[in-house]
Amino acid sequence: MNQRIFVFEFITGGGLAGQPLPGSLAREGRLMRDALLRDAADITGAELVTLHDARLEAPLPDSIAVANEAGAFDTAFDAALAAADAALIVAPETGDLLATLAARVEASGSRLLGCDAASCRVATSKSRTARVLAEAGVAVLPHYSDADALPDILGAWAVKPDDGAGCDGLQRLVDRATAARALRAAGPDHIAQPWLDGEARSMNLLCARGRAALLSVNRQVLEHGGERVRLAALAVGAVDATPQHAALAQRIAAAVPGLLGPVGVDFIETEDGPVVVEINPRMSTSACALRAATGLNLVAATLSAARDGTLPSTDAPRPHTLTLEAHDETV
């Protein structure tokens, strides 16, 4: 049966119409959008609907251009949604943006091929995510919002926005006192966390409302420039998945049962096991390599999970490295 699927990535899809369009964000957005469009195009009977910022090239001949002017995005998004049977949305969690767009899909009557709005709101906040996962017995990175009450933990600390994505706004401070000053200066929407010894890693999951398939365990390459930290590369599938990783994936899916489709989990691999940093309730950059690493069609797998809860079974991934550029010019 034919179905029209709205594939939308916020940065390249006109979400910043009327605002500057950072080149580095556009490159990562294009990577995710093109991977999803490629997978969706391989589904028998699928007709694709998508948007593109008028400052960028069209990804499909009939892609709808969003003019670079305030208000153009909302009109184009609603029109594309109205023309679709199902929608797969990729957007930053910051400021409840992803949750708001998910809620618009839910209200439209189209099938949401992704995490529900309630789950997105949990994952938007690192502190809210930590509370939910800790209640489920998952090891999480502790967080503190009161600069005058940081515990006396030796070593480096991190200060970052509570609702930032990935390394956005992440600072690595040399000690607790420096972190307290940075947290005080950053304001009430930031948190401080001890910098745990261990390797920065992530997992790609395919979730089906309470259950999850673990697709890959990835190594994250971080670059430090003074106090600033950025994600420089992702080695997708470079770490062999262990029963401990598989169990963590299931516990996260059970703790946040509205998770559906591609989900990313950032964690620190410590001597005592994985400690969760955050959940990304959407396709993440590392998932762009899953087709090459595992052969999995991510959109087809998400459709199956949404339709009847079927989860994919994949072989061990072939390692695949993605290098992320640091340039930040405006398009």
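Guide: Two strands pair if DSSP finds at least two bridges between them, strands being DSSP runs of E with at least two residues and helices runs of H or I with at least four, both numbered from the N terminus. The model is predicted, with local features needing pLDDT of at least 70 and side-chain atom pairs 80 or more, while totals for chains, interfaces and linings use all residues. Residues are numbered from 1 along each chain as its sequence is written, and side-chain values use heavy atoms, without hydrogens and water.

Visitor: What makes strand 7 and strand 9 a pair?

Guide: Strand 7 (residues 157-161) and strand 9 are joined by five bridges in the antiparallel sense, where at least two are required. In this pairing P161 stands opposite H190 of strand 9.

Visitor: Why is strand 9 called largely enclosed?

Guide: Buried means under 20% relative accessible area, with a 1.4 Å probe and protein chains only. Five of the five residues of strand 9 (residues 190-194) are buried, so the rest of the structure largely encloses this strand. H190, A192 and P194 point one way and I191 and Q193 the other, and all of them are buried.

Visitor: How do you know that strand 11 and strand 12 form a hairpin, and which strand joins strand 12 through four bridges?

Guide: Strand 11 and strand 12 run antiparallel and are joined by eight bridges, with two residues between them. G226, in the turn, has a positive phi of about 65°, and E223 stands opposite R230 in strand 12. Strand 15 (residues 320-323) is the antiparallel neighbour that four bridges join to strand 12, and there A233 stands opposite T323.

Visitor: What makes strand 2 and strand 6 edge strands?

Guide: An open sheet of four strands has the order 2-1-5-6, with parallel pairing. Strand 2 (46-49) and strand 6 (111-112) are its edges, because each pairs on one side only. Strand 1 (residues 3-9) and strand 5 (residues 86-90) run parallel and are joined by five bridges, and the partner of E9 in strand 5 is V90.

Visitor: How do you know that the span of helix 7 agrees with its number of residues?

Guide: The expected span is 1.5 Å times one less than the number of residues. For the 13 residues of helix 7 (residues 243-255) this should give 18 Å, and the end C-alpha atoms are 18 Å apart, which agrees. H245, L248, A249, I252 and A253 are the buried residues named in helix 7. They cover an arc (taken from the directions from the helix axis to the C-beta atoms) of only 130°, which puts them on the same side of helix 7. The elements they pack against include helix 5 (126-135), strand 10 (199-208) and strand 13 (260-270), contact being heavy atoms within 4.5 Å.

Visitor: What can be said in the same way of helix 3?

Guide: The 12 residues of helix 3 (residues 97-108) should span 16 Å, and the end C-alpha atoms are 17 Å apart, which agrees. Here L98, A99, L101, A102 and V105 are buried. Their arc around the axis is only 165°, which puts them on the same side of helix 3. Their cover includes strand 1, helix 2, strand 5, strand 6 and helix 4 (117-124). G109, which follows helix 3, has a positive phi, near 95°.

Visitor: Which residues touch the most other members of the largest nonpolar core?

Guide: Such a core is a set of buried Ala, Val, Leu, Ile, Met, Phe, Trp, Tyr and Cys residues joined through side-chain atoms within 4.5 Å. The largest has 50 residues, and F6, F8, F77 and I89 touch the most other members. Helix 2 (residues 72-82) gives the most to this core, with six residues. Another core, of 35 residues, lies apart from it, including I43, L48, M283 and L290.
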